[in-house]
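Here are my notes for you to read alongside the model. Keep the viewer open and look up each element as you go.

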Protein chains: 2
Amino acid sequence: MTVLDEFFAGQKLALSKIISHIENDGPQLRELLPILYDKAGRAYKVGLTGPPGAGKSTLVHKLAELYAERNHQVGIIAVDPSSPFTEGALLGDRIRMQNLAAYPNIFIRSMATRGSTGGLAASTGEVAMAMDAFGKETILIETVGVGQVELDIADSCDTTVVVLVPESGDSIQALKAGLMEIADIFVINKADRPGASKMASELSIILDFKKQKTGWEYPVVKTEAVNEIGIDELKDKIAAHREFLSADSRNEYHRRRKIKTELFHILDKRLKAHIAEHILTEDVFNKYIEQIRAGELNPYDAVDRIITTLMRDIANGRF
Amino acid sequence: MTVLDEFFAGQKLALSKIISHIENDGPQLRELLPILYDKAGRAYKVGLTGPPGAGKSTLVHKLAELYAERNHQVGIIAVDPSSPFTEGALLGDRIRMQNLAAYPNIFIRSMATRGSTGGLAASTGEVAMAMDAFGKETILIETVGVGQVELDIADSCDTTVVVLVPESGDSIQALKAGLMEIADIFVINKADRPGASKMASELSIILDFKKQKTGWEYPVVKTEAVNEIGIDELKDKIAAHREFLSADSRNEYHRRRKIKTELFHILDKRLKAHIAEHILTEDVFNKYIEQIRAGELNPYDAVDRIITTLMRDIANGRF
């Protein structure tokens, strides 16, 4: 029995293997992805993002439990731009996640892909697609950072939840990080702390403005994830947003935009791989580097020459 | 007098125009960049990054003043992944920056490039190069986020300063975000808050470990940027790191890697520009999207076709 057979027979280990193949950019990826693509397309993707320390992991944990208790098939992707160097330090944080192992219908994957520059957003989409093809109905994608890649990931989700904590200036920081724009739902976690109500009213001023553009009534949900307070309401709001999307005429526009984003991601990844493997090889690089360092050539002219060489190679069938 | 003449005559307005040309991917960029490249290469680039709210803007402000008071030519790039939607809210934060206008030898540029996915790291490098060519001696690059793009930017700097605040779990968050790995110098800002010493000792345990690999004695500098405390020490540590680098034999390796990254960025950008203009045009995209939505084509095969067309274009000299 091949891994793919096991995968379609619902074996979690096979899903793990397939995801590792995606993460490692395995040799059979080009054949694998269209197969997954064919089976995928039914899962609902919820992105949860926000500044470090907002308690996203706990929130995702509790939310997943709630879905799982209702016999829902849940996938969790925790995107973690850390490195092998720091892996040890992360264990504490991930230990809480282990509790979820008690639920057979929850599948968790942590992605620590620092290093594979640029590929993170693309790989996350592919891992979600694998979970989708496996039969996961809701996929929760937790991103730690607030950088461009994280915003891209959130962008590719159906519903984006931005998690904040009531601390002075945190709503301004959210604005700065561009989170305001991608949020469909706001969560103020650790809402027992002072400042929660002030933050909620600050947010609602901006959200009223946003509502006029989209028609969606942006909810601000107060939670205390560790005490399991507000999680039910968050789940309801996600369902409401899903309903809103399916009734919304702009949904067509969003779907097209998503396909476009997807195409660009795939293209970006393939192009980079192609450059690294076939164009800017170690030999080619070594040829130019001495000239660049000696000041005889600038990188722009070097790229011109690389493209000219490539042109000749292709024309001569040496590619 | 052309803009370039004005630029080389030291007129700030010309530098602004040149930077706008870079940001907007202007038509004369291909001619402009090699000219800037020829003049650049002397500036020292310091990246400052860390979680939102750590007080990076104030720190950069004070550091720039310190350099400026010593008749040093300083450039500041504040990379801000926000959007037109949030611009108003940012003003407050940028107002502090306006004070710097009093120093004729400080030039500030805020880059808010949310949307131009992928190009941010490349453009930031080009903007820094423009400042370098203009005669700036030290360039401070402040990134707000802790995402992949921000890490890439920090990576391309000579010295990377990671700014944290003494809050519970913040050092763990820094680990999670991959900041530990790129830091050459740590700053604990707002060091009057409780927990600063605890954080410093937490960090030094990890840094001892890191030192064994590189030989660099990673400093942890405590600052209170608003009270101008610790800024002098930070400046000294940056100078010490610069000294360390110039004596370090691994510097050769790093320089080669930087040129390679640069070549890769330029090549990637040129290929993508060609694809966007000539291959994946709105018409082609619309054709693919209908086929993809009808289930007749998957995005992977679509990308194959795009790359095949690209290679044919290159071979036929239509590039």
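**Notes on the fold**

1. Start in chain B, where β6(B), helix α10 (residues 196–214) and β7(B) make a right-handed β-α-β unit. Right-handed here means that, with the strands pointing away from you, the path from the first strand over the helix to the second runs clockwise. Helices (H or I, at least four residues) and strands (E, at least two) are DSSP runs, numbered from the N terminus.

2. Before going on, a word on what you have: this is a predicted model, in which local features need pLDDT of at least 70 and side-chain atom pairs count only at pLDDT 80 or more, while totals for chains, interfaces and linings use all residues. Residues are numbered from 1 along each chain as its sequence is written, and chains are lettered from A and ligands numbered from 1 in the order in which they are written.

3. Stay with β6 (residues 185–188) of chain B and look at its two neighbours. Strand β5 (residues 159–164) of chain B runs parallel to β6(B) and is joined to it by 4 bridges, with B:L164 opposite B:I188. Strand β7 (residues 220–222) of chain B is also parallel to β6(B), through 3 bridges, and there B:V187 stands opposite B:V221. Two strands count as paired if DSSP finds at least two bridges between them.

4. Is β6(B) covered on one face or both? Both: B:I185 and B:V187 on one side, and B:F186 and B:I188 on the other, are all buried. A residue is buried if 20 or more other C-beta atoms lie within 10 Å of its own, exposed if 12 or fewer, and partly exposed in between, with C-beta atoms placed from the backbone. In a regular strand the side chains alternate between the two faces of the sheet.

5. Now helix α2 (residues 12–23) of chain B. At 1.5 Å a residue (times one less than the number of residues), its 12 residues should span 16 Å, and the end C-alpha atoms are 17 Å apart, which agrees. B:L15, B:I18, B:I19 and B:I22 are buried. Seen down the axis of α2(B), the buried residues fall within an arc of 100 degrees, so they line one face; the arc is that of the directions from the helix axis to the C-beta atoms. On the other side, B:L13 and B:S20 are exposed. Just after α2(B), B:D25 takes a positive phi of about 55 degrees.

6. Over to chain A, which has 14 helices and 7 strands. The 7 strands form an open, parallel sheet in the order β3-β2-β4-β1-β5-β6-β7. β3 (106–111) and β7 (220–222) of chain A stand at the edges with a single partner strand each, so one side of each has no neighbour in the sheet. From one strand to the next, the twist averages 20 degrees.

7. Finally, find A:A133 in helix α6 (residues 119–134) of chain A. Why does A:A133 count as buried? Because it has 22 C-beta neighbours inside 10 Å. Leaving aside neighbours within four places in sequence, A:A133 is in contact with A:L36, A:K39 and A:A40, where contact means that the C-beta atoms, placed from the backbone, lie within 7 Å.

Notes:
Axes are lines fitted to C-alpha atoms, for helices over the stretch in contact, and angles run from 0 to 180 degrees between N-to-C directions. Two residues are in contact if their C-beta atoms, placed from the backbone, lie within 7 Å.
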